[in-house]
Amino acid sequence: MDDVVIVGGGVIGLATAWRSLGRGLRVTVADPEPATKASHVAAGMLTPVSELSYGEEALLHLGLASRDRYSSFVAELEEVSGQRTGYRDDGTLKVALDADDLAVVDKLRRFQESLGIPAEALTGRECRRLEPMLAPSVRGGLLAPADGSIDPRRLTAALLTAVERLGGTLVRERVTEVLTGDGRATGVRLENGGEIHADQVVLAAGPWTQDVKGVPPGLLPPVRPVKGQVVRLRSATPILGRSIRGLVRGSSVYLVPRTDGELVLGATQEEMGFDTTVTAGGLWELLRDARELVPGITELEFTEVTAGLRPGSPDNAPIMGATAMPGLLLATGHFRNGVLYTPVTGDAMAELLATGEMPEVARPFSPGRF
Ligand code: FAD
């Protein structure tokens, strides 16, 4: 009998598993294809400041808390797993292509300052001094010096190794049902008919969380899939020194460089249900907008285009914590920023699983708010 069974081995389930093992809990993760869904497609921007949106102040605090613990989280993970994660904290540059885009960026700068985050407006020339490959037409920008990025594929690989090294069990099977008894969750049933019994069950299956049967009606808030397409390019040496988040005539695009020469362009945002078709239009839009900002991308090798599903909750904020059913917990709904929220979610869920207490920082995101 385990202490905890976690349904879903994306960044959220795996970070919860690793941190819970570190608290001395016995943990099993069940997932037929761990680390292959949103966590495999994601660009890996760690940008609570550059992605700040109006009305999302609570998410800003969660994002800052998670970003601030990233370097120690990664140092520990790299030590335990012996693997690198591609983590970098060298800032994100937000840029605007035309005057209207610049007006939007400037409004965001004032909003950012009103929340106590100092921001320095940069001219086009100053932006190009930082990033010489930017187009001469870029009008200006804003630097978020502490925002960063990570390679989510390396992150999940390192988490899988760390979970194994700390004695966690990975079961490569789909969970069909939560088992219950005396009004509490007692484990899960697998597609092959097997059962895993545990004191606590964590559902961390992204937008597929709804498919797990056996949960009393009304207990799971709806989590919808929000499709995103991402393009990967490659050059022998990186053409950018830091992530660029751009506005191109009102449309958003980002370019995330890795030190090995990979450049990730993202991302579309489409409400298409569980469709993950890569479309010519999605690919074209990303290449078109990225090329406006950095014309040199056309010289790079094209390596991959993928589509994934962000788990979106009704208020677009994560859902983490205990449900009304004893022993049943949720960790999903991390939407556009699940990689950013990985350390804070892993720590908060492990604390809750080990002590029954949710840390202050995560309390606004409990399932009970719906
Ligand atoms: P997933 O990674 O989807 O994992 C869910 C897991 O559950 C899967 O492995 C699946 O196999 C498993 N599963 C499903 N059903 C079952 C079942 N019945 N039994 C067992 N297992 C099951 N975030 C950032 O912070 N920065 C970014 O730059 C960023 N870019 C993104 C770009 C795109 C295009 C997309 C799609 C997402 C992006 N995200 C980004 C968001 C981030 O990827 C997600 O928020 C995060 O990966 C969610 O992790 P997860 O573990 O909840 O879900």
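The structure is a predicted model. To the contact, domain 1 contributes 18 residues and domain 2 contributes 22 residues.

The size of an interface is often given as the accessible area lost when the parts come together. Between domain 1 and domain 2, about 1600 Å² is buried. Carbon and sulfur atoms supply 63% of that area. On the domain 1 side, the residues that lose the most area to domain 2 are Val41, Met45 and Phe335. Together they account for 39% of what that side buries.

Polar interactions also cross the interface. Six residue pairs are in polar contact between domain 1 and domain 2, with both residues at pLDDT 80 or more. Helix 2 (residues 38-41) provides three residues, the largest share of the side of domain 1 that touches domain 2. That side comprises ten nonpolar, six polar and two charged residues. One salt bridge is found across the interface of domain 1 and domain 2.

Charged pairs were then examined over the model. Side chains of opposite charge can pair when their charged atoms come close. The count comes to 36 salt bridges. In one of them, glutamate 51 meets arginine 245, with an N to O distance of 3.0 Å. This pair joins distant parts of the chain, its two residues being 194 residues apart. Glutamate 51 sits in the loop between strand 3 (45-46) and helix 3 (57-81), whereas arginine 245 belongs to strand 13. A salt bridge also forms between aspartate 260 and arginine 154. Their closest N and O atoms are 3.9 Å apart. The cut-off for such a pair is 4 Å, so this distance falls within it.

The ligand is surrounded by 39 residues. The closest are Asp31, Ser39, Met45, Phe335 and Leu340. A polar backbone atom of leucine 340 is 2.8 Å from an oxygen atom of the ligand. For isoleucine 12, a polar backbone atom lies 3.2 Å from a ligand oxygen atom. Alanine 43 places a backbone N or O atom 3.4 Å from a nitrogen atom of the ligand.

Two local backbone features were noted. The peptide bond from glycine 266 to alanine 267 is cis, with omega near -20°. Alanine 267 is in the loop between strand 15 (262-266) and helix 7 (280-293). Arginine 249, a residue other than glycine, has a positive phi near 50°. Arginine 249 occupies the loop between strand 13 (243-248) and strand 14 (251-257).

Note on methods. Residues are numbered from 1 along each chain as its sequence is written. This is a predicted model: local features need pLDDT of at least 70, side-chain atom pairs count only at pLDDT 80 or more; totals for chains, interfaces and linings use all residues. Side-chain values use heavy atoms; hydrogens and water are left out. Contact means heavy atoms within 4.5 Å. Buried area is the accessible area (1.4 Å probe) that two parts lose on being put together, summed over both. A salt bridge is a side-chain nitrogen of Lys or Arg within 4 Å of a carboxyl oxygen of Asp or Glu. A polar contact is a pair of N or O atoms within 3.5 Å; within protein, one must be able to donate a hydrogen and the other to accept it, and residues adjacent in sequence count only if both atoms are side-chain atoms. Helices (H or I, at least four residues) and strands (E, at least two) are DSSP runs, numbered from the N terminus. Ala, Val, Leu, Ile, Met, Phe, Trp, Tyr, Cys and Pro count as nonpolar, Asp, Glu, Lys and Arg as charged, and the others, Gly among them, as polar. A residue is near a molecule or strand if one of its heavy atoms lies within 4 Å of it.
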